[in-house]
Amino acid sequence: MLQASNSNLNNIAVIGLAPMGKNLAKNIASRGFKVSVYNRSHEKTDELLTENQENIIGFYDYKELVTSLEMPRKIIVMVKSGQPVDDFIDDIVPFMDSGDILIDCGNSNYKDTERRQKKLETVNKINTKAIHFIGCGVSGGWKGALNGPSIMPGGQVEAVEVIMPILKAIAAKDFNNSPCVTNVGLSGAGHFVKTVHNGIEYAIMQGIAEIYDILRQYSGGNQVLIEKAFSELNTGEIQSYLLDVTIEALQKEDENGLMLERVDFKAGAKGTGAWTVESALELGVAIPSIAASVMARIMSNHNQFFTVNKIDRIIHQDTNQEPQMPNNQYLTNALEAIYLTAYLQGLDLINKANEEYKWNINLDEVIRIWQGGCIIRSKMLVKLSELIKNGNSELLTEEIKKARSGLLECYDEIVQNLPSSVPYLSVFTSALDYCSVLLADKLPTNMTQLQRNIFGDHEIIIR
Ligand code: 6PG
C-alpha cells in the first residue's frame with residue numbers, strides 16, 4: 001500500500017460531502033492518506049467526523065483547509081455540476097498557489113472543464129498563478145466511491161501524474177487485478193469519456209428494460225419468473241453490473257411487497273445522456289441506441305395515457321395457467337447485440353472526438369478501466385478490447401452479423417408471438433438498424449440525395 005507522508009500536513013482534500021464525496025473521502029482515508037474535508041453546510045462535515053474514521057480531518061473554512069495541505073496541494077471537488085463548480089473555484093483559488101491541483105470528480109460537461117482549464121492554467125495579467133484543473137470522471141455510484149470506482153482523469157499530463165498514486169490506491173481492479181484508472185487524455189478528455197460512459201449506460205439500461213417488457217408479457221407479470229429469466233441472462237458475455245441491478249430491482253420490496261410494478265413510469269435524467277447525443281451530432285457520429293434511450297426517458301414523461309395505464313398495468317395472473325416463458329437463448333442473443341452495439345457506438349464517438357480534438361486517448365485503456373467499479377462493467381469488455389486492439393474489421397463484421405441475426409431471430413420467434421400488446425422496443429430496433437446499416441450493400445438514401453438535388457440543387461455523385 002502507498003504510504004502517506006509523515007509531515008503534519010494532509011495529503012489531499014475533498015470538498016462536497018454528499019454521498020459521492022463523503023465515500024470517496026472515506027475510501028482515500030482508508031488507504032492511509034490524510035484527507036482534509038469540507039462541506040458548505042457544516043452539518044455534513046460534522047456528520048462525517050462523528051464516524052471517527054482515521055485520517056479524516058474536518059474544516060469549516062477554505063483558508064484553513066488549504067493551509068492544511070502538503071504542496072502541491074491536491075483538492076478534489078465533488079459538488080453538483082454547473083455553476084456550483086464555478087462558485088467553488090472562485091472561492092478557493094485566492095488561497096491556492098501556482099502548481100496546485102484542482103480535481104473535479106463530478107459529472108461535468110467537458111466543455112465547462114476546458115473553459116475552467118483555460119481560465120485557471122493560463123497565467124496572464126488577471127490570473128497571476130497557474131492552477132492545474134483536472135476533469136475526472138468517477139463511476140460506480142456511492143458504493144463504488146467507497147469500495148473502488150472506475151476513475152477517468154484528463155488534463156495536463158504532469159498534473160494527472162501527481163495525483164495518480166492516490167487514484168491507483170482507491171480505484172477498483174480490472175480483470176487482471178490492475179487499478180481501473182488511466183491518464184485518459186488531454187484537456188476535457190476525462191469528462192468526455194465519462195459522459196459517453198453514461199450514454200452507453202442509458203442505452204444498456206433501456207435495452208434491459210425492453211427485454212423486461214417482453215418477459216413481463218410472457219410471464220403475465222410474474223416477477224419470480226422474470227427474475228429467473230434475468231438470472232439466466234446474467235451469464236457469459238453479458239454478465240454485468242446492470243443485470244445485477246436489474247435482478248435487485250425485481251426483488252426489491254417495501255412494506256407492501258414487491259415494488260417494481262408500483263414504481264411510476266417517469267424516468268429521470270441529469271443530462272449526461274443528452275450531452276452524449278449533442279456531441280455525436282456535433283461530430284457526425286451515429287449513436288442510434290444511445291439517442292433512442294435518451295428519447296425513451298423523455299417520452300416516459302410525456303405519455304398522456306399514463307393515468308389509464310396505471311390501472312391497467314397491475315397484471316392479474318391466471319393462477320390456473322402456468323405461463324409459457326420464451327426460450328431464453330433468443331433473449332440472450334438479442335441482449336448481447338444490444339450491449340455490443342451500445343459499446344461500439346460509444347467507442348466510435350470517443351474515437352472521433354479524439355481524432356478531432358487530439359486528446360491522445362488510448363481506447364484500449366478506456367475499455368480496460370471500465371472492467372471494474374463502473375456502472376457499465378461487463379464480461380463483454382474483454383471481447384471488445386480484442387476487436388479494437390486488432391483493428392480486425394473481418395472479426396468486427398462477423399460480430400455485427402451475429403448481433404443482427406440475434407436481434408432478428410428474437411424478433412421473429414419471441415416478439416412476434418407476444419400474447420398481447422407490442423412492447424416498447426426503441427433500443428432493440430435501433431441496435432438492429434445500426435447493424436443493418438453497417439452491413440448493407442444498399443441504402444435508401446440515394447432517394448434522399450436526389451430529392452435534395454431536385455429542390456435544393458445539391459450536388460449528387462453518379463456511380
Ligand atoms: C456512474 C453513473 C452516475 C449516474 C449518472 C447518470 O457512473 O456512477 O453514471 O454518474 O448514474 O449521473 O445519471 P442519470 O441517470 O440521473 O442521468
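**Group meeting: ligand shell, salt bridges and backbone**

In this structure, an oxygen atom of the ligand lies 2.6 Å from an N or O atom in the side chain of Glu201. I count that as a polar contact, defined as a pair of N or O atoms within 3.5 Å; within protein, one atom must be able to donate a hydrogen and the other to accept it, and residues adjacent in sequence count only if both atoms are side-chain atoms. The protein buries 82% of the 410 Å² that the ligand exposes when taken alone. These areas come from the Shrake-Rupley method with a 1.4 Å probe, and for residues only the protein chains shown count as cover.

Before I continue, a word on the source. The model is predicted: local features need pLDDT of at least 70, side-chain atom pairs count only at pLDDT 80 or more, and totals for chains, interfaces and linings use all residues. Residues are numbered from 1 along each chain as its sequence is written, and side-chain values use heavy atoms, with hydrogens and water left out.

Let me return to the ligand. The side chain of Tyr202 has an N or O atom 2.5 Å from a ligand oxygen, and for the side chain of Arg297 the corresponding distance is 2.8 Å. Which residues come nearest to the ligand? Of the 13 residues around the ligand, they are Ser139, Glu201, Tyr202, Lys270 and Arg297; a residue is near a molecule or strand if one of its heavy atoms lies within 4 Å of it. By class, the shell holds 3 nonpolar, 6 polar and 4 charged residues. Here Ala, Val, Leu, Ile, Met, Phe, Trp, Tyr, Cys and Pro count as nonpolar, Asp, Glu, Lys and Arg as charged, and the others, Gly among them, as polar. Helix H8, residues 189-219, gives the most to this shell, with 5 residues. Helices (H or I, at least four residues) and strands (E, at least two) are DSSP runs, numbered from the N terminus.

I turn now to charge pairing. Side chains of opposite charge can pair when their charged atoms come close. A salt bridge here is a side-chain nitrogen of Lys or Arg within 4 Å of a carboxyl oxygen of Asp or Glu, and a search of the whole structure finds 22 of these salt bridges.

One of them joins Arg115 to Asp86, with the closest N and O atoms 3.1 Å apart. Arg115 lies in helix H5 (residues 110-121) and Asp86 in helix H4 (residues 83-92), so this pair ties together parts that are 29 residues apart in sequence. The cut-offs are under 20% relative accessible area for buried and over 50% for exposed, with partly exposed in between (1.4 Å probe, protein chains only).

Two further salt bridges lie within single helices. Glu232 and Lys228 meet at 3.5 Å, N to O; they are 4 residues apart in helix H9 (residues 223-233), and therefore separated by about one helical turn. Lys228 counts as exposed at 51% relative accessibility, while Glu232 is partly exposed at 41%. In helix H17 (residues 393-415), Glu398 and Lys401 are 3 residues apart, about one turn of the helix, and their side chains form a salt bridge at 3.8 Å, N to O. Glu398 counts as partly exposed at 47% relative accessibility, as does Lys401 at 41%. Elsewhere, salt bridges that share partners join Asp86, Asp104, Asp112, Arg115 and Arg116 into one network.

Next, the backbone. Most residues other than glycine have a negative phi, and most peptide bonds are trans. The peptide bond from Met71 to Pro72 is cis, with omega near -15°, and Pro72 sits in the loop between helix H3 (62-67) and strand E4 (74-77). Asn55 has a positive phi, near 75°, in the loop between helix H2 (42-49) and strand E3 (56-59). Ser187, also not a glycine, has a positive phi of about 35° and is found in the loop between helix H7 (157-170) and H8.

Finally, the surface. Met295, Ile298, Met299 and Tyr424 form a nonpolar patch with about 380 Å² of accessible area together. Patches are made of residues with over 30% relative accessible area and no salt bridge; like charges are joined within 9 Å, and nonpolar side chains (Val, Leu, Ile, Met, Phe, Trp, Tyr) within 5 Å. Ile298, in helix H12 (residues 288-300), is partly exposed at 42% relative accessible area.
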